[in-house]
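Subject: Structure handover

Hello,

Here is the structure for you to look at. Please open it first, then read my notes.

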Amino acid sequence: MTRPEKRLLVLYTGGTIGMQMSDQGLTPSSGFEARLRDWQATDGQVWPDWYFRELLPPVDSASMTQRNWLVMAATIAEEVDAGHCDGVLLLHGTDTLAYSAAALSFLLLGLPVPLVLTGSMLPAGTPDSDAWANLFGAIQALRDGIRPGVQVYFHGKLMHGARLTKLSATEFDAFAVLPRPRMGQGASDVESALDYRQPRQPVNLAVLPLYPGIQATQVRAVLASEVQGLVLECYGSGTGPSDDEELLTALKEAHARGVVLAAISQCPQGHVEFGIYAAGSKLAASGLVSGGGMTREAALGKLFALLGAGLSQAEVEHWFALNLCGELAD
């Protein structure tokens, strides 16, 4: 159910939107609340009541880590549960905005209010910046009322937080939800272990794309780095070098010692369906669980939220294959 939001939390993490020029180039800067209130005073639009929190130090999103995600999620949960707000606007850099939106989609399952992330390609206050348009567009969406869940507002579009990918490093229209098939079984009831109030811990994860000539020794090196989960970016519908017995053995051995192996497609409009080709079936038999049409960002964020909750390998594989917040199905 949608409803107009009466009081918003504006949570500032840094990023281009608030950057200032230094002798080394643009750098994250504090003090964005004053700039935002100055702009509001001259904007002439109808704003909801809002208050500001800043996560210190502000970061360039290229330096974003799992610990930043945990702080964001904990801060939002704290403010919502205290009854301080009924909507959240999170200001974030664009380099890893899609990763953070996906991670928060799974970290904040069950959050009863909407969360919208936005940022900009040029800093606020610079000529022809997209900052104020993106920021007010996000505020307007929250003011008008949207459903609980994580969304991203950018360049006039409100997009699902767990389906998003950054496509451009320069264009204002930098983000899109690609038409990846999202066929998947929905979870009828998300258990308390996945609720937004559930504590999480950092997790050792890796992402590895398959490519012609990849060696089993390289795969083993990644798997030997004490990873708890691996997102394997496969070809097409979930295929790979299935005639390489040493590589398949490396995957099987890692799975046997508890590593969660998740498969996604490298194709921008692809999805994993192991049974189409024998090559895919052999990979699946090595212990891989299908990520369907999930993006890299969604698969990584979902693995983090599941493994970070302390779930077992079998539990993670069970929940990973189900649609939790719209990442696998509408």
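Predicted model: local features only at pLDDT ≥ 70, side-chain atom pairs only at ≥ 80, totals over all residues.

Residues are numbered from 1 along each chain as its sequence is written, and side-chain values use heavy atoms, with hydrogens and water left out.

Helices (H or I, at least four residues) and strands (E, at least two) are DSSP runs, numbered from the N terminus. Strands count as paired if DSSP finds at least two bridges between them. Axes here are lines fitted to C-alpha atoms, for helices over the stretch in contact, and angles run from 0 to 180 degrees between N-to-C directions.

Five bridges join β1 to β5, and the two run parallel. Leu9 stands opposite Val88 in β5. Four bridges join β5 to β6 (residues 114-118), again running parallel. There, Val88 has Leu115 of β6 as its bridge partner.

How many of the residues of β5 are buried? Five of its five. Buried means under 20% relative accessible area, exposed over 50%, partly exposed in between (1.4 Å probe, protein chains only). Gly87, Leu89 and Leu91 point one way from β5, while Val88 and Leu90 point the other way. In a regular strand the side chains alternate between the two faces of the sheet.

Tyr153 has Leu158 of β8 as its bridge partner.

**Thr13**

Thr13 is in strand β1 (residues 7-14). It counts as buried, at 3% relative accessibility. Contact means heavy atoms within 4.5 Å. Leaving aside neighbours within four places in sequence, Thr13 is in contact with Leu55, Pro58, Val59, Met72, Leu90, Leu91 and His92. Glu54 is 41 residues from Thr13 along the chain, yet their C-alpha atoms are separated by 6.2 Å.

**Four-stranded sheet**

A second open sheet has four strands, in the order β11-β12-β13-β14. The pairing is parallel. β11 (205-209) and β14 (288-290) stand at the edges. Each has a single partner strand, so one side of each is left without a neighbour in the sheet. The twist averages 30° from one strand to the next.

Five bridges join β11 to β12. Leu205 stands opposite Gly229 in β12.

**Ser237**

Ser237 sits in the loop between β12 (229-234) and α6. Is Ser237 buried or exposed? It is buried, with a relative accessible area of 14%. Beyond neighbours within four places in sequence, its contacts are His271, Val272, Glu273, Phe274, Ile276 and Tyr277.

**Helix pairs**

The axes of α5 (residues 216-223) and α6 (residues 245-256) come within 8 Å and cross at roughly 15°. That makes α5 roughly parallel to α6. Angles under 35 degrees count as roughly parallel, over 145 as roughly antiparallel, 65 to 115 as roughly perpendicular and the rest as oblique. The crossing is right-handed, meaning that the near helix is turned clockwise from the far one by less than a right angle. Among the residues in contact are Val219 and Leu223 of α5, and Leu247 and Leu251 of α6. By class, this contact has seven nonpolar, two polar and three charged residues. Ala, Val, Leu, Ile, Met, Phe, Trp, Tyr, Cys and Pro count as nonpolar, Asp, Glu, Lys and Arg as charged, and the others, Gly among them, as polar.

Helices α3 (residues 97-107) and α8 (residues 296-308) pack at about 40°, with axes 8 Å apart. They are therefore oblique to each other. α3 passes α8 in a right-handed crossing. The residues that meet include Tyr99 and Phe106 in α3, and Leu300 and Phe304 in α8. The contact of α3 with α8 divides into 10 nonpolar, one polar and three charged residues.

Best regards
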